[in-house]
Amino acid sequence: MTLAATVRGAARRFGDLVALVDPDGWATTYADLDRLSDAVAAGLTARGVGPGDRVVLRLPSGSRYIVAYAAAAKLGAVTAGINPRLAPPEQAALAALADPAVVLTDPGEVAELATRGADLVDRGGAPPVLPADPDRPVAIVFTSGTTGQPKGAVFCERQLEAVAQADTGGAWAAPGAPGPPMLAATEFAHIGITTKLPWYLRLATRTHILKRWRADDALRTIAEQRIPSIGGIAPQFALMLRSPEIERHDWGHVQTIIAGGAASPPALVAGVRERFGAAYSIRYSSTESGGCGTGTAFDADDDEALHSVGRPRPGVEVSVRNEDGHRAAEGDVGELWLRSPTQMVGYWRDPRATAATIVDGWLRTGDLARIDERGLVRLAGRRGEMYIRGGYNVYPAEVEAQLAGHPAIDAVAVVPRPDPVMGEIGVAVVTPSDPAAPPVLADLRAFLSARVAAYKLPEAVRIVPELPLTPMEKVDRR
């Protein structure tokens with residue numbers, strides 16, 4: 001079933017049930033979502049958007065983002081969402097990469113399209129129902145390359161349906177029956193909403209959206225709405241445990257915790273399970289995998305729950321490979337490869353990167369792992385220099401390239417350091433131009449703030465007389 005068909009089917013089944021609640025409390029029903037996306041689709045058609053065209057959404061997370069995404073799908077257009085936390089130059093670069101027919105930068109533009117399109121729909125201009133095509137592209141989800149060059153993972157109707165099957169078996173909630181309330185934990189441009197929207201709609205969920213995720217606000221919403229399952233990334237749960245709101249509410253309604261995006265330290269898993277009295281499942285995946293990979297069982301023993309990323313989820317295969325691409329010996333560490341019907345079809349207009357990442361149908365993750373005798377996947381680090389800060393991938397070369405322009409810096413390397421909340425943070429190791437006047441952290445962050453996203457900013461600085469080099473004259477990051 002296509003995304004457009006899911007939107008229409010959810011409207012018929014769930015009608016006046018609330019689908020989305022915006023930060024200001026505005027509620028959008030399932031019927032509203034279908035009606036408004038029809039109108040926006042008509043408005044986009046009037047602007048020349050058609051099948052295969054790209055619609056770039058530089059919008060904050062909210063109901064109008066989802067309306068625009070559904071509208072594009074009804075036209076057979078491809079949505080390319082851009083994280084609003086990126087700096088303006090970064091957003092502009094991603095928008096250009098998508099080669100869009102339309103760029104929407106403000107929720108008001110979506111409302112205006114809906115108003116204009118509603119008149120067209122009233123005059124018989126509703127978008128036609130497209131024939132089913134499982135290989136029709138639906139979305140481009142941006143990630144970053146090891147040098148900071150962005151890439152767009154492309155997903156078709158087939159992959160979105162596979163995600164729905166993996167998570168729910170494709171089942172629908174009973175007509176008129178409200179599904180569980182949920183809290184949106186990540187930006188809508190991320191994989192978590194882009195590929196999983198169909199199954200949220202089929203289960204009649206009510207998704208509450210924060211203007212910006214903050215632990216205090218998240219906990220209040222979870223308590224007020226009695227949300228039974230909390231999804232998020234490990235640093236978010238670490239921040240929740242430090243919030244005073246954790247002591248102000250009863251958490252008896254919370255049944256499950258699902259944590260992805262970054263590694264969950266054993267102490268965090270234990271602390272969250274104890275404080276919420278809920279089962280904790282670590283989910284390992286990536287943008288390229290469609291958000292599906294491995295997971296620990298809710299009833300896992302401590303060894304699995306605290307020290308692994310579990311087993312492959314339904315429909316997912318895993319393999320550990322040597323550098324030559326052959327399977328590693330049982331128990332050996334190698335690169336983790338995945339194969340799943342949910343994985344991307346390739347990178348947008350980048351056949352070389354696609355060929356390097358997808359080999360004989362297998363997705364190379366770039367992560368090192370081993371599979372133990374119980375079939376548990378245990379991560380052992382990453383092949384590249386990338387680190388994960390609060391669930392966001394940070395590539396040192398990108399930050400270094402910007403810092404190199406700082407007048408007080410002669411040479412710089414950015415390396416990760418473990419952090420109990422964020423998982424990892426960046427440390428700028430700097431050789432100053434003038435040893436008597438080295439830059440301080442505040443200077444570096446101010447210099448970078450308009451050039452890269454906030455989560456990429458270094459959070460510590462170390463001054464050294466010179467950077468250590470390998471025999472090949474490259475920075476020795478060890």
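Visitor: Leaving aside neighbours within four places in sequence, which residues is Tyr455 in contact with?

Guide: Tyr455 is in contact with Asn83, Arg85, Leu86, Arg389, Tyr392, Asn393 and Val394, where contact means heavy atoms within 4.5 Å. This is a predicted model: local features need pLDDT of at least 70 and side-chain atom pairs count only at pLDDT 80 or more, while totals for chains, interfaces and linings use all residues. Residues are numbered from 1 along each chain as its sequence is written, and side-chain values use heavy atoms, with hydrogens and water left out.

Visitor: Why is Tyr455 called buried?

Guide: Tyr455 has a relative accessible area of 7%. Buried means under 20%, exposed over 50% and partly exposed in between (1.4 Å probe, protein chains only), so Tyr455 counts as buried. The residue is found in the loop between H15 and strand S25 (460-463); helices (H or I, at least four residues) and strands (E, at least two) are DSSP runs numbered from the N terminus.

Visitor: What makes Phe276 count as buried?

Guide: Phe276 is at 3% relative accessibility and therefore counts as buried. Phe276 lies in helix H11 (residues 266-276). Beyond four places in sequence, Phe276 is in contact with Leu219, Ile230, Met240, Ile246, Trp251, Val254 and Ile257. From Phe276 to Leu376 there are 100 residues in sequence and 25 Å in space, C-alpha to C-alpha.

Visitor: How do you know that Asp99 is partly exposed?

Guide: The relative accessible area of Asp99 is 37%, so Asp99 is partly exposed. Asp99 belongs to the loop between H4 and strand S5 (102-104). Its phi is positive, about 55°, although Asp99 is not a glycine. Arg226 also has a positive phi, near 50°, and is a residue other than glycine. Arg226 sits in the loop between helix H9 (215-224) and strand S10 (229-233).

Visitor: Why are H14 and H15 called roughly perpendicular?

Guide: The axes of H14 (residues 396-403) and H15 (residues 441-448) cross at roughly 95° and come within 10 Å. Axes are lines fitted to C-alpha atoms, for helices over the stretch in contact, and angles run from 0 to 180 degrees between N-to-C directions. Under 35 degrees counts as roughly parallel, over 145 as roughly antiparallel, 65 to 115 as roughly perpendicular and the rest as oblique. H14 and H15 are therefore roughly perpendicular. Val399, Gln402 and Leu403 of H14 meet Leu444, Phe447 and Leu448 of H15.

Visitor: Which residues of H14 are buried?

Guide: Pro396, Glu398, Val399, Glu400 and Leu403 are the buried residues of H14. They pack against several elements, among them helix H4 (88-98), strand S23 (409-419), strand S24 (423-432) and H15.

Visitor: What makes H2 roughly perpendicular to H5?

Guide: The axes of H2 and H5 cross at roughly 90° and come within 6 Å, which makes the pair roughly perpendicular. The contact includes Leu36, Ala39 and Val40 of H2 and Val110, Leu113 and Ala114 of H5. Its residues divide into 12 nonpolar, 2 polar and 1 charged. Nonpolar covers Ala, Val, Leu, Ile, Met, Phe, Trp, Tyr, Cys and Pro; charged covers Asp, Glu, Lys and Arg; the others, Gly among them, are polar.

Visitor: How many cavities of 30 Å³ or more does the structure hold?

Guide: The structure holds 1. The largest cavity has a volume of about 80 Å³. On a 1 Å grid over the protein atoms alone, a cavity is a set of points where a 1.4 Å probe fits but cannot get out; a pocket is an open set with protein on both sides within 12 Å along at least five of seven lines, and lining residues have an atom within 4 Å of a point. Grid points are joined across faces, edges and corners, and a volume is the space filled by probe spheres set on the points.

Visitor: Which residues line the largest cavity?

Guide: Its lining is Ala19, Leu20, Tyr30, Leu33, Ile66, Ile193, Leu197, Tyr200, Leu201, Thr205 and Thr207. H8 gives the largest share, 3 residues. By class the lining has 9 nonpolar, 2 polar and no charged residues.

Visitor: What is the volume of the second largest pocket?

Guide: That pocket has a volume of about 420 Å³. It is lined by 20 residues, of which Asp22, Gly62, Ser63, Arg64 and Pro107 are the closest to its centre. Helix H2 (30-46), helix H3 (63-75) and helix H5 (107-122) each give two or more residues to the lining. The lining of the second largest pocket has 12 nonpolar, 4 polar and 4 charged residues.
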